[in-house]
Amino acid sequence: MTDLQKKPALSRHLWIIYLLSIILLGVIWYYQWILGLLMTLFLAASFYYSIQTEKTIINETEEYIATLSHRIKKVGEEALLEMPIGIVLYNEDYFIEWANPYMNRFADEDTLVGKHLNLLSEDLMPMIKEGKDEVGFELEGYEFQTVIKKEERLLYFFDRTEQNKIQTLYQNEQTVLAIIFLDNYEEITQNMDDTLKSQLNSKVTSALNSWSHAYGIYLKRTSQERFLAVATKEILRKLEQSKFDILDEVRELNAEQNVPVTISIGVGYGGMTLPALGELAQSSLDLALGRGGDQVAIKDDLGKVRFYGGKTNPMEKRTRVRARVISHALKELVKESDNVIIMGHKSPDMDSIGAAIGILNIAKANEVEGYIVFDPDDVDTGVYRLVDAIKAEESLWKHFIEPDEAEALLSSRSLVVVVDTHKPSMVADERLLNKTDFKVVIDHHRRAEEFVENPTLVYMEPYASSTAELVTELLEYQPKTLKLKMLEASALLAGIIVDTKSFTLRTGSRTFDAASYLRSKGADTVLVQQFMKEDLKLYIKRSKLIERAQVYRHSIAIAKGKPGEVYGPVLIAQAADTLLTMTGINASFVISEREDGRIGISARSLGDVNVQIIMEKMNGGGHLTNAATQIKDTTIDDAEALLKDILEEYFGGGETE
């Protein structure tokens, strides 16, 4: 590259050309001096012109470079001072040493110099100390992305306000699909005349249309019982803030008939194709209906689920026809299997054991070997009398096997029947679920997000009092060879009595029908009472736990066990039941340490408070009026604080006592 600091007269290639020209000129002079003279004059003129031209080019180049250098320097100064990017230099004590005019406009005075970085954001200094490269913060309505150069003690501030607005707009405008289903439309309208049916249709359609117009939702009725709704994520956010009050509006429409209409809504949203969103919405609706209806299930593309509503006990929809169909289907599955492996949940209760014994009798009636998976090290004190009675009955006890024995008996054609739960993590041995293609789920709990994968048959009725009640109905449609023994019938009856609190909670006409059938088969109510008897020491221990209860938000009782004291799940459930009988108490929560090191919470309500939703927010579940959870790696006080936070959110952040 040419050295622009020097001023050469001629370029090197010109010197070479002129040197060759002089040599040729000498030859011409030697042979023809007149021609040589003319060529000499021509060469001299050419040489003079070249020197002048070269000088002009060099001068122009120097002038251009000087002008360009000045412009670059000026642009650099202007860019530093005028470009829409903030620049700040700070010292070792995090005080601002210099800031460009873009940042000085955020100063109370004319400049930020001498101010602490905390004036801009309290997050800056901690992030710099942690060695972070970037941090985002908001300042006077602007959202900044800050790049940190710790070595140079330099900060660059990039305005991301518009970009974030566009991103927010994109998120808000994402499509949301919802399927609205009238839960009990067919049951309510089957005995109505055309006039009343038309009036009900008009009321429901009008209420849903008003709701959709208020929120800007596109709504289309696709059948008598079903609507399709299209909305955006921003609209969904507003609906969640209102806690889907349309559920309450629709429920009150048919109040004069004393049979409320209820709706369930399945919502799907996320960055997916429209067909995938439709499947997600249908899956959410199935989940809402599986939990008893009258609620909203919202599922995103990651599979996370949120629930709203479910404030009423589900209406009884099952019929004897359905029970007979399920019983027949179960009989066929049993007959085609090599053997039947029956599992309840961990720490089984009366309902779990009683229902398992009932399914065992279905296997026997169809001449197929049946076994109940039972872990003797996982027996709660509430059922040990029943277990002792079963042990004394050798013909029954031989069908109780431990998980390892069950795994050895399992084949690809074995039938695994799960009773009183539908969560794989809750069954006696989760490994057994993955070793066969034939699985049956029989449960009375509201369906949760976690569910047994690919079940062959599902009989879930959340309005039933207990799984023992469901199994008893199935027994009625089995072959006449079925002979229930007195102990087996008593175990089933005990499951019903315990789950209904002696026929006082979640009890329907079908519950008494099931109890009547069991009584006719020899169930002994005195024996059931013996199973339910409790130890005096446990009674005193429970009373002391109840004594520690405090009233929260005027009508909620919360009792905590002492740190280091271990309580069984049955005992804290009984304590929660007892608290619910107190005057002015609408819901009760009992918190204690468990033997496995986790913190257990048992929740009960009279129906005004949906304890199922509250417990689900703590990774638990259950029913509207009866739920529980177990929490790992926490303390009783932390669990109580979390519970109170969730209660505040549930009640809309009202004042507490």
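# Salt bridges, ring pairs and overall form

Tutor: Arg-598 and Asp-596 form a salt bridge, with their closest N and O atoms 2.9 Å apart. The model is predicted, so local features need pLDDT of at least 70 and side-chain atom pairs count only at pLDDT 80 or more, while totals for chains, interfaces and linings use all residues. Residues are numbered from 1 along each chain as its sequence is written, and side-chain values use heavy atoms, with hydrogens and water left out.

Student: Why is the contact of Arg-598 with Asp-596 called a salt bridge?

Tutor: The term requires a side-chain nitrogen of Lys or Arg within 4 Å of a carboxyl oxygen of Asp or Glu. The closest N and O atoms of Arg-598 and Asp-596 are 2.9 Å apart, so the pair meets the definition.

Student: What makes Arg-598 partly exposed?

Tutor: Buried means under 20% relative accessible area, exposed means over 50%, and partly exposed lies in between (1.4 Å probe, protein chains only). Arg-598 has a relative accessible area of 24%, so it falls in the middle class. Asp-596, at 40%, is partly exposed as well.

Student: What does the salt bridge of Glu-92 and Arg-153 tie together?

Tutor: The side chains of Glu-92 and Arg-153 meet at 3.8 Å, N to O. Glu-92 lies in the loop between strand S1 (86–90) and strand S2 (96–99), and Arg-153 in the loop between strand S4 (142–149) and strand S5 (154–159), so the pair ties together parts that are 61 residues apart in sequence. Strands (E, at least two residues) and helices (H or I, at least four) are DSSP runs, numbered from the N terminus. Glu-92 is exposed at 55%, whereas Arg-153 is partly exposed at 29%.

Student: How do you know whether Glu-240 is buried or exposed?

Tutor: Its relative accessibility is 16%, so Glu-240 counts as buried. Its salt-bridge partner is Arg-306, with the closest N and O atoms 2.8 Å apart. Glu-240 lies in helix H8 (residues 233–241) and Arg-306 in strand S11 (residues 305–309), so this pair joins parts that are 66 residues apart in sequence. Arg-306 is partly exposed, at 29%.

Student: How many salt bridges does a search of the whole structure find, and which residues are linked in a network?

Tutor: The search finds 20 salt bridges. Asp-404, Glu-407, Asp-429, Arg-431 and Lys-435 are linked in a network of them.

Student: Why is the pair of Phe-503 and Phe-512 called stacked?

Tutor: Twelve aromatic pairs are found in the whole structure. The ring centres of Phe-503 and Phe-512 are 5.2 Å apart and their planes are at 20°, so the pair is stacked. Rings of Phe, Tyr and Trp (its six-membered ring) pair if their centres lie within 6.5 Å, and planes under 30 degrees apart count as stacked, over 60 as edge-to-face and the rest as tilted. Phe-503 is partly exposed at 25%, and Phe-512 is partly exposed at 45%. Elsewhere, ring pairs link Phe-137, Tyr-142, Phe-144 and Phe-157 into a cluster.

Student: How do you know that the protein chain is more spread out than a compact globule?

Tutor: The protein chain has 23 helices and 23 strands. Its radius of gyration is 41 Å, well over the 26 Å that the globule rule gives for 657 residues, so the chain is more spread out than a compact globule. The radius is taken over C-alpha atoms, and the rule is 2.2 Å times the number of residues to the power 0.38. Along the principal axes, the C-alpha atoms fill a box of roughly 150 × 65 × 60 Å.
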